[in-house]
Amino acid sequence: MSPDLPAEGLRRIVAGFSGMRVLVIGDLMLDEFIWGKVSRISPEAPVPVVQVSGESYYPGGAANVARNLREFTPHTAVMGMAGTDAAGCRLVELLQKSGIDTAAVQRDSAVRTTVKTRVIARNQQVVRVDREQKAALAPAQAALAMEQVERAAPEVDAIVVADYGKGFMTQPLADHVCRVARAQGKILAVDPHPHTSLSWTGATAIKPNRTEAFLAAGAAASDPVSPPLADAALLAVGASLLQRWTCGFLLITLGEDGMLLLEAAQRPVHIPARGKEVFDVSGAGDTAIAVLAVALAAGATPRQAAELANYAGGIAVGKLGTATVGADEIAAALERG
């Protein structure tokens with residue numbers, strides 16, 4: 001724990017999570033996990049044969065961000081698009097059973113709900129199968145989404161955008177979200193997608209990973225340098241994105257190297273990774289953006305919010321599947337230091 005970030009102050013922020021009201025906007029998906037064991041290699045091809053023992057379903061994508069937030073506050077709502085297919089019905093039902101407000105989820109019979117299927121054997125992912133159909137919103141759907149943002153903004157403390165590049169987020173909608181958040185004085189935290197190239201002018205916080213940051217900046221990829229504060233290419237990309245997006249701050253996640261916090265007119269800060277054991281990185285970014293947003297809403301400084309997001313991400317990677325992290329787990333991690 002950094003001496004300028006007392007654990008008691010961070011614990012007080014976490015204690016305030018439950019009163020925050022948060023809206024999540026983005027691409028909704030269904031995560032399917034097929035559990036089993038491998039006892040032999042197929043005689044048909046050099047691949048393992050998985051004997052299935054069970055199946056599990058969880059909200060995925062932006063829906064998983066909402067699921068993570070619901071661990072901290074009962075005042076969680078989600079906005080996005082889902083089909084009327086079996087996967088879409090299951091997804092919406094899971095969200096509603098979790099106590100997440102789905103009033104702003106649009107349903108369309110022409111939409112095929114994105115499903116990511118992961119086959120897990122002996123606590124390891126064997127393969128992932130994606131079923132998706134990317135499609136931009138129809139004009140009427142986009143107009144409704146903008147109306148929903150305007151109606152919801154006065155009732156929330158923070159807005160989280162989780163862009164997975166499946167078509168829900170477009171530049172006009174992104175611009176509208178940014179304008180409304182600024183006009184209403186709301187926290188806006190964004191988890192961008194590397195291939196949509198959307199601009200997030202004026203957002204409070206933007207959390208790309210290293211690859212996404214280089215792609216967004218239009219910079220040539222380079223190998224990571226350790227320590228990150230000596231990574232000239234990374235620092236240049238961060239400075240470029242800060243200027244382009246004119247956001248409050250940028251938090252670049254670096255996997256096992258932790259996170260890099262960049263604010264205008266401030267020295268970059270490296271936050272070392274907190275995860276001790278890595279079982280599964282599925283959904284860890286969702287956990288981090290959820291904690292980042294709710295912490296900022298609860299009054300955390302960028303450094304405090306980044307530190308808490310880092311702790312939460314470290315806990316998430318120690319779990320198998322798209323797991324959530326509870327406030328009590330973060331408090332316990334802070335206690336351990």
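Me: What share of the 337 residues in the protein is buried?

Reply: Buried residues make up 52% of the 337, where buried means under 20% relative accessible area, exposed over 50%, and partly exposed in between, with a 1.4 Å probe and protein chains only. The model is predicted: local features need pLDDT of at least 70, side-chain atom pairs count only at pLDDT 80 or more, and totals for chains, interfaces and linings use all residues. Residues are numbered from 1 along each chain as its sequence is written, and side-chain values use heavy atoms, with hydrogens and water left out.

Me: Why is E256 called exposed?

Reply: E256 has a relative accessible area of 77%, which is over 50%, and is therefore exposed. E256 sits in the loop between β11 (249–253) and β12 (259–263). From A104, E256 is 152 residues away in sequence and 36 Å away in space, C-alpha to C-alpha.

Me: What makes the radius of gyration of the protein agree with that of a compact globule?

Reply: The rule for a globule is 2.2 Å times the number of residues to the power 0.38, with the radius taken over C-alpha atoms. For 337 residues this comes near 20 Å, and the protein has 20 Å, so the two agree. Along the principal axes, the C-alpha atoms fill a box of roughly 60 × 45 × 40 Å.

Me: How many helices and strands are there in the protein?

Reply: There are ten helices and 13 strands. Both are DSSP runs numbered from the N terminus: helices are H or I of at least four residues, strands E of at least two.

Me: Why are β1 and β4 said to pair?

Reply: Pairing requires that DSSP find at least two bridges between two strands; β1 (residues 21–26) and β4 (residues 75–83) have five, in the parallel sense, and therefore pair. Within this pair, I25 stands opposite M79. Five bridges also join β1 to the parallel strand β8 (residues 158–162), with V22 opposite A158. Five of the six residues of β1 are buried.

Me: What makes β3 and β7 edge strands?

Reply: The open sheet has the order β3-β2-β6-β7, with mixed pairing. Strands β3 (48–61) and β7 (124–131) each pair on one side only, and are the edge strands. Neighbouring strands are turned by 20 degrees against each other on average, direction ignored; axes are lines fitted to C-alpha atoms, for helices over the stretch in contact, and angles run from 0 to 180 degrees between N-to-C directions. Inside the sheet, β2 (residues 28–41) and β6 (residues 114–121) are parallel over eight bridges, and T117 in β6 is the bridge partner of E32. Helix α2 (residues 62–70) packs on the sheet, touching β2 and β3, and its direction makes about 75 degrees with that of β3.

Me: Which residues touch the most other members of the largest nonpolar core?

Reply: They are F17, L292, L308 and I330, in a core of 60 residues. Such a core is a set of buried Ala, Val, Leu, Ile, Met, Phe, Trp, Tyr and Cys residues joined through side-chain atoms within 4.5 Å. Helix α8 (residues 284–297) gives the most to this core, with eleven residues. Another core, of 42 residues, lies apart from it and includes L23, L198, W200 and C247.

Me: Which residues is I330 in contact with, leaving aside its neighbours within four places in sequence?

Reply: I330 is in contact (heavy atoms within 4.5 Å) with V14, F72, V291, L308, A312, I315 and V325.
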